[in-house]
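Open the model in your viewer and keep the selection tool at hand. The stops below go from one contact to the next.

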There are 4 protein chains.
Amino acid sequence: MAWVVLAYSGGLDTSIILKWLQDTYGCEVVTFTADLGQGEELEPARAKAEQMGVKEIYIDDLREEFVRDYVFPMFRANAVYEGEYLLGTSIARPLIAKRQIEIAREVGADAVCHGATGKGNDQARSVRFELGYYGLKPDVKVIAPWREWDLNSRTKLIAYAEEAGIPVAQSKRQEAPYSMDANLLHISYEGNALEDPMVGYTEDIFTRSVAPEDAPDAPTFLDIDFEGGDPVAINGERMSPATMLTALNKYGGDNGIGRLDIVESRFVGMKSRGVYETPGGTILLRARRGVESVCLDRGEMHLKDELMPRYAELIYNGFWFSPEREMLQAAIDTCAKNVNGTVRVKLFKGNVDVVGRESAQTLYNAKLSTFEEDDGAYDQKDAAGFIKLQALRLRTLGTQRGPPA
Amino acid sequence: MAWVVLAYSGGLDTSIILKWLQDTYGCEVVTFTADLGQGEELEPARAKAEQMGVKEIYIDDLREEFVRDYVFPMFRANAVYEGEYLLGTSIARPLIAKRQIEIAREVGADAVCHGATGKGNDQARSVRFELGYYGLKPDVKVIAPWREWDLNSRTKLIAYAEEAGIPVAQSKRQEAPYSMDANLLHISYEGNALEDPMVGYTEDIFTRSVAPEDAPDAPTFLDIDFEGGDPVAINGERMSPATMLTALNKYGGDNGIGRLDIVESRFVGMKSRGVYETPGGTILLRARRGVESVCLDRGEMHLKDELMPRYAELIYNGFWFSPEREMLQAAIDTCAKNVNGTVRVKLFKGNVDVVGRESAQTLYNAKLSTFEEDDGAYDQKDAAGFIKLQALRLRTLGTQRGPPA
Amino acid sequence: MAWVVLAYSGGLDTSIILKWLQDTYGCEVVTFTADLGQGEELEPARAKAEQMGVKEIYIDDLREEFVRDYVFPMFRANAVYEGEYLLGTSIARPLIAKRQIEIAREVGADAVCHGATGKGNDQARSVRFELGYYGLKPDVKVIAPWREWDLNSRTKLIAYAEEAGIPVAQSKRQEAPYSMDANLLHISYEGNALEDPMVGYTEDIFTRSVAPEDAPDAPTFLDIDFEGGDPVAINGERMSPATMLTALNKYGGDNGIGRLDIVESRFVGMKSRGVYETPGGTILLRARRGVESVCLDRGEMHLKDELMPRYAELIYNGFWFSPEREMLQAAIDTCAKNVNGTVRVKLFKGNVDVVGRESAQTLYNAKLSTFEEDDGAYDQKDAAGFIKLQALRLRTLGTQRGPPA
Amino acid sequence: MAWVVLAYSGGLDTSIILKWLQDTYGCEVVTFTADLGQGEELEPARAKAEQMGVKEIYIDDLREEFVRDYVFPMFRANAVYEGEYLLGTSIARPLIAKRQIEIAREVGADAVCHGATGKGNDQARSVRFELGYYGLKPDVKVIAPWREWDLNSRTKLIAYAEEAGIPVAQSKRQEAPYSMDANLLHISYEGNALEDPMVGYTEDIFTRSVAPEDAPDAPTFLDIDFEGGDPVAINGERMSPATMLTALNKYGGDNGIGRLDIVESRFVGMKSRGVYETPGGTILLRARRGVESVCLDRGEMHLKDELMPRYAELIYNGFWFSPEREMLQAAIDTCAKNVNGTVRVKLFKGNVDVVGRESAQTLYNAKLSTFEEDDGAYDQKDAAGFIKLQALRLRTLGTQRGPPA
């Protein structure tokens, strides 16, 4: 093994991994640091990598690709996991894995390495990374240091770092009160202080949103335009995908929107508790439902709703790069092209409410649904025949079996 | 046709129908007035019916049966129609139809009659009533006056009423600005003033909730206990199903919770716009998700989520009394028995947030999901094998087909 | 109404309709006669139409379009209705409706007419035609003579024909012992003599297949090649879609393959009994399963299997031209492109057995599935971790709930 | 570890395992040998176990329990895996695991052991056994010798046996040409000689059926009665579940019915090729479809069909003892109680054809589906309204989007 591509944040843990890879495998390490909107400076990672003798350093701004090719397609499905979770962590892994494999091909590396600890909630992260790696490069060697090494305590890690000359900030010397994961769609908080699911979070953990209690006393109204299934403008101002999500995050965060505290079922078989901030995504989900309600036909909308839990499960479990996810995406995208219109949302102290929706191709027809005279557009005599035939099988059942219990 | 059982509210429209039945069919009319928590006095309906010469008058308080046998079973499914609607109107029809048919059997009536206009949003009501009637008594004759008579304008209706000596309140002489439908689960507002889906509702229509803006500035916390899948106590106080829903309505309404403004897809083929108040139901849905998150296994929870859209569609379309609804209910109830625990919710200006959940049989195991040492409960070496076999088919695909597009 | 496009077979019933349209509506009738492989001469239809004064006569050979754009896409889904029926009747209607509407646009007609009787099993035919018409031309006027006229007995029909100078063959003077519907995919037999579902059919009704008892005593082996999901060659000989299905019909019919006798559930609410011959389709379904088994990944195959019943139901109910059918088709076609390979089938006295299958991109890997040493391609140690994590939730359940009942 | 319950066949491999357990773990081994209809004598297993010093020997005839509580419930779902496979191997594992755990509780054992090799197709067997064990006794220790020991060649195994004084038949000294698995539902053949999926099986492997070519030239007709969803009588003769399946196996085997040659997708990620004999099950599946066609309503039948692939996948993957399988079973059993009737099947040279079906509660109504006058049971005028409302959304779509592509 000559070259390894490491997903490198520049933080303490992945710096230790970098050194450990050099020590253990005697290989050249290529570092890959991505901006997915996590809100951290990337240049320090470059400096650290250089210090540690890395010759190939990749630093990529993937924000637009992330939102355009991963977040938006996922939202087209109205994907929600277990009724609540917007999949903010899950959707970032496939892109990192994909880019890491691309780099491996570019530099001729035969191995990749990630820093997911494989413990606690990081199990899921390992699965998602590695399923991505294997699907995209079946012969790749995957190095998961936390499954391999014996640095199985904070003390040993710190000692290893110090011996290797890696600077250790004071705050890193103890276990963190919770672990975080951030990208442009969301931030998650898990573990330690949040372990008891009957004990609520404390306000201080949040970084992207004010509490609903502290949000403005007056509502904010937004008109969001959708084209081809994706949001393209706020209040008439067109913006790119990443700019759109950034703006929605700001609007949502300012209005106390998008906090979530759940216990979720992990692919690896246990339950875990997570606290999430997804301000923009929370607005987007409601807004999309609003515009879909006038743009999508009942048949396609209901089929989408039935497919959605499976789709969300696939993403949660790490199967973005699977043929069944692509099948579902093809079905979903078939109707996305018809989602063109505008939705008006009201943001107020944690609430997102749709208060208006319209489309040049609206399927809503006031003449059909009105209580007023409707010019024959809907002949209620038709309803008699409709009901009679819908009831025919139930009448046969009632006759032969007696009425339902 | 000797006897007809009429679903009778005591209002103007059903009083006209009562008279019209007597005039047109020369039959004895049995009136049936039910308390489903719509918030109206029932005794005036008795007086009116007596005045009009009705000999058999049924007035039933069905609130407990409604919540216990219809609302709660439906909530066990986390049923939501088109991602938003809690099915408050739909779930009341089957019970009315069932009781009406029971009365028909008791008095030996061969026909039933309902007052759904068959116009506008009332189409759905007709379908739900009539599918219920036919399923429960296949040989019943269904009379739907609004499809049969020629009283096709407000003017003609009023004239008919006055000629028949039915008192007409001044407010009933014009078309209402919107139609309402109420029961213990919700109130709906539809039609006329709400016809343009880009124009928001006005605050004055609501009767069960304050606006989030007007709700208290301090949150309310509730501990809700669930047993066998249903809520049984609030803050330790046990209460019957209808009392529970009444209490939740009060808590929700006081905190600005449960308003909804949507465009929905009707079974009869068109879109319609509805505004809803469902304060207690909105709390219940979130609370249930909270307690289910520690009580239900991933396998059963995900299967429930996949079945839910179909289940909601069946109820929306009027197929409560269908064998496929019963099949789904059987599946859902199989896991409901394991939902025993307590959920803590925070109510604040329109928001319902789960902030804690616990169960004596919790499936959440901090030892398994923690970042701390876990005493071997979860061996992360297992994850390597798990991932390798999960990835095997993706690797085969990648080898044979090349990586995914 | 100036012009009506009539789906015209040239037979007695549609000739009567032609005359009745001219008499009743005083309109110009455009006849449309299609060859979908029903096995009848089309030129007599032209002669008859000319005799009756029709000025625009369309006679189209649609066999290739039928198989390529309707039959093959449907088979990509492995569509089977209620576990047995290959949808031979259902799949022909959309194409007829589509072509009829195209002609209506060409000639500027504002109405279309079909000869489905609306009685008995022809109900479904009406639904399928009319849903197609309305979907493709929302403002079209649909004329369904059998719902409109008073020719409600064989005697009245014959009298009308004789008065109109339409020749009536002796065999048409009585009710047929059963009705037939034929196209390149199948022939159906229904009604009258087949009404008692406990009484079997008689051998004489069949026209495309010998009885298994009368088929050759030696098996026939075929190698069928698939490309992009569709069959393209038999025993190395490439052929067009319609030629392929014709050839498979011959092979199947000669070997007693493809007869089916079922009771099915109609969209309009009743059960009906049908007897079918689908020799080529029966071979194709089994053959496709064979080639898919080495070409499709488990994930996509299982998802296809879960979507299939819905897809089949949509086609059966007449919703070929619906957005939800298109969504499902998009999902199905996503994996069809990977179905490239060869399947060997053995045909023998009613049986179709797959006896071999191979593909240049086969996902079958003998090294992985063998009992032999496998060079590390599959490390059975991985299975231990895989099983442990699969079992984790079941162990948690067993601990908290006790073992399953 | 003091006691281990071993699933013991009495054959060479499990005898070696027995000895190896004694040697390696120094524990008391309890042998458990079950009759599931595999067609082997059980008493030799007792003799061998006694010879090897086993003190607790369990030999159970589980045939009735197997068919009544596992095979029949599974058939109620019409379960077929990947369109072809009747799950004959998969359905036997849960019962063996369950009984093994029962014995472990009886004797106070804390470990169980199975002889699945974990290689080749035996991987699936391991998974199914172990998921059963863990679900039923979460704290059980599972011993899988083939994953643990170093007897990784035939030569080493034979040497170990000879050293231990275990007699080795000449036929066992070489690898078998294929592996077999048998129970009352089926026999499977896999591996070695069957590894190339393009090469067909040879006639000599089969033990339960004649070739279709060799079956009688005259058909056999059976009338099979169903009660509560399960078959109870053949030609009027009532019989117990196991007797029923035995009889159907005889009828099927004599008529060349139930052979299957497929490539299937394993849970552990690879494809494998299997050849199966399932004579009775093949008859039962077709027969059940026949009786269901007149006993089950469209709504329940279609829902069953949609749930089936998931149900089959769960059983195939080893999740019989899972809450989601129980949910699906509850749904399926809800309609099974209405399956009461008789089906007539024709068996002929490999074919099973339903030629008649009837039920005292039949939902088939000749009056409704007939082409004859139907006394108003079905008013075809109703169809007009039915179609108009079904088409309404398609017309709206056509107007707003233009016709479908």
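Which side chains of chain A and chain C meet in a salt bridge at 2.6 Å, N to O? Select Glu306(A) and Arg310(C): their side chains form that salt bridge (a side-chain nitrogen of Lys or Arg within 4 Å of a carboxyl oxygen of Asp or Glu).

Before going on, note that this is a predicted model, in which local features need pLDDT of at least 70 and side-chain atom pairs count only at pLDDT 80 or more, while totals for chains, interfaces and linings use all residues. Residues are numbered from 1 along each chain as its sequence is written, chains are lettered from A and ligands numbered from 1 in the order in which they are written, and side-chain values use heavy atoms, with hydrogens and water left out.

**Stop 1: chain C against chain A**

Stay with this pair of chains. Between chain C and chain A there are two salt bridges and two residue pairs in polar contact, both at pLDDT 80 or more (a pair of N or O atoms within 3.5 Å; within protein, one must be able to donate a hydrogen and the other to accept it, and residues adjacent in sequence count only if both atoms are side-chain atoms). Now select α10 (298–317), α11 (323–336) and α13 (380–401) of chain C, the elements that give two or more residues to the side touching chain A. Helices here are DSSP runs of H or I with at least four residues, numbered from the N terminus. α11(C) gives the most to this side, with 10 residues. By class, this side of chain C has 13 nonpolar, three polar and eight charged residues (Ala, Val, Leu, Ile, Met, Phe, Trp, Tyr, Cys and Pro count as nonpolar, Asp, Glu, Lys and Arg as charged, and the others, Gly among them, as polar).

Chain C and chain A bury about 2000 Å² between them, 69% of it on carbon and sulfur atoms. Buried area is the accessible area (1.4 Å probe) that two parts lose on being put together, summed over both. Select Leu303(C), Arg310(C) and Met327(C): in chain C they lose the most area to chain A, together 30% of what that side buries.

**Stop 2: chain B against chain A**

Show chain B with chain A. Here 110 residues of chain B are in contact with 110 residues of chain A (heavy atoms within 4.5 Å), and about 9900 Å² is buried between the two chains. The count of salt bridges is 10; one to select is Arg393(B) with Glu324(A), whose closest N and O atoms are 2.5 Å apart. Helix α13 (residues 380–401) of chain B gives the most to the side that touches chain A, with 15 residues.

Every interface residue of chain B, 100%, is also an interface residue in chain A, so the copies meet through the same surface.

**Stop 3: inside chain A**

Hide the other chains. An automatic or database domain assignment gives domain 1 (3–172) and domain 2 (179–358) of chain A. Colour them separately; 43 residues of domain 1 and 56 residues of domain 2 take part in the contact. Select Asp181(A) and Arg93(A), which form a salt bridge with the closest N and O atoms 2.9 Å apart. Then select α3(A), the source of the largest share of the side of domain 1 that touches domain 2, 13 residues.
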